[in-house]
Amino acid sequence: MLEDRTGGDEDERVAALGMPIGGCPIGVVELRPDVSDIGWQSRRDEVERPERQSKRQGACHDAWGGITVGEVAYGSLASVYEWLVPDAKASPAGNAQAFEMVTAGLDPGAQILDCACGIGLLAVGLAEAGFRVTACDASPAMVERTQALARAHGVEVSTRVCRWDQLPDQGWQDRFDAVLCVGNSLAHAVGRSGRRAALDGMAFVLATGGVLALTSRNWEQIRSAGSRLDVWDRLVERAGRKAVVVYSWQVPPSWDAEHHLQISVAALQDGDQLQVTTELLPIWPFHHEELLADVAAAGLSLAGSTYDAIQPNYLVTAQRRTGLPT
Ligand SMILES: C[S@@+](CC[C@H](N)C(=O)[O-])C[C@H]1O[C@@H](n2cnc3c(N)ncnc32)[C@H](O)[C@@H]1O
């Protein structure tokens, strides 16, 4: 059974505190730490909430306090994403190692697509391991960070800004021996039709015999816990800077409604200052069984699933056994 180390922003969380859910701030604010029962406290009265704009794009897009934030999801979080990644996966080598169960069967030099590359930890780790790696993401800021990480590590990673539903338009038909969509990314696809379009796109670029690997949160668990605020119970240190991470879940009654996760990273700086980066992400959760049906609908054969009702995350693998219907 795989451990709960499936990446991105999902772990090191603590139990619900039963605190009320916030609004839709996005961007960077300066706060001062204060003594409270969680160790710090924001001066929220000083923070003006921006207007809530397109939920589809998943963010408030306004200039806020003089700071213009991203036009697409992860436009702000891209700058602090490393604080959301578990320690074991915070390096390219560690990240690639976490997915060895997927890549172990691939030939050296196999072509891999990471289609939700984030800041590039997995893509760069796979390139260092000798694979030919293409990395794409809907967020230009994330793709820029992937390019920078590849340069810093002296490896070649081909990058592109591209949504999953745009994969069929990239000239990559039948190309990849493996397609990875990890870090609980797929729940950002808009509803079931969006998820199916995303999976169709991933299937389209898989070579015959190629493997798709997806990770997901256990949405059954998330939904049964309901709306809540999770404050990570430790400071996360990256490149010598410590941060507190807070997740605010907004869980509506219906599975089919748009859910929200607001992630805030409060990084300590200059002695007594906090730099807070926060973003509201839209989410469309799914049952495990629905995901398996969606994978099959994309013409892929299920190879395995680690789903376990009591585990917070799982990995699904599937294979493209034959050519897809045209
Ligand atoms: C939770 S992060 C995971 C990043 C990375 N895979 C990891 O494990 O750290 C989700 C990523 O999915 C990307 N994303 C969201 N919607 C997308 C879409 N429709 N098409 C492609 N990428 C998308 C986001 O920009 C973000 O980088």
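This is a predicted model: local features need pLDDT of at least 70, side-chain atom pairs count only at pLDDT 80 or more; totals for chains, interfaces and linings use all residues.

Visitor: Which residues of helix 4 are buried, and what covers them?
Guide: A residue counts as buried if 20 or more other C-beta atoms lie within 10 Å of its own. In helix 4 the buried residues are Ala141, Met142, Val143, Arg145, Thr146, Leu149 and Ala150. Their cover includes helix 3 (121-128), strand 5 and strand 6.

Visitor: Is Tyr81 buried or exposed?
Guide: Tyr81 lies in the loop between strand 3 (67-68) and helix 1 (92-98), and its C-alpha atom is 9.0 Å from that of Met142, although 61 residues separate the two along the chain. Leaving aside neighbours within four places in sequence, Tyr81 is in contact with Gly118 and Ile119. Because it has 25 C-beta neighbours inside 10 Å, Tyr81 counts as buried.

Visitor: In what order do the strands of the open sheet of seven strands stand?
Guide: Strand 7 (residues 176-181) and strand 8 run parallel, joined by five bridges, whereas strand 8 and strand 15 (residues 313-319) pair in the antiparallel sense over seven bridges. The open sheet of seven strands accordingly shows mixed pairing, and its order is 6-5-4-7-8-15-14.

Visitor: Which strands stand at the edges?
Guide: Each edge strand has a single partner strand, so one side of each is left without a neighbour in the sheet. The strands in question are strand 6 (157-161) and strand 14 (301-305).

Visitor: How many of the twelve residues of strand 8 are buried?
Guide: Within strand 8, Leu212 stands opposite Val179, while Val211 stands opposite Gln319 in strand 15 and Ala213 stands opposite Thr317 in strand 15. Strand 8 (residues 206-217) is largely enclosed by the rest of the structure, because the number of its buried residues is nine.

Visitor: Which helix makes a β-α-β unit with strand 7 and strand 8?
Guide: The unit is right-handed, and the cover over the buried residues of its helix includes strand 4 (111-114), strand 7, strand 8 and helix 7 (288-297). Among those buried residues are Arg195, Leu199, Met202 and Phe204. The helix, residues 191-205, is helix 5.

Visitor: Which residues are in contact with Tyr307, leaving aside its neighbours within four places in sequence?
Guide: Tyr307 is found in the loop between strand 14 and strand 15, and it is partly exposed, with 18 other C-beta atoms within 10 Å. Its C-alpha atom is 9.5 Å from that of Arg217, though the two are 90 residues apart in sequence. The residues in contact with Tyr307 are His288 and Tyr314.

Conventions
Residues are numbered from 1 along each chain as its sequence is written. Helices (H or I, at least four residues) and strands (E, at least two) are DSSP runs, numbered from the N terminus. Two residues are in contact if their C-beta atoms, placed from the backbone, lie within 7 Å. Two strands pair if DSSP finds at least two bridges between them. A crossover is right-handed if, with the strands pointing away from the viewer, the path from the first strand over the helix to the second runs clockwise.
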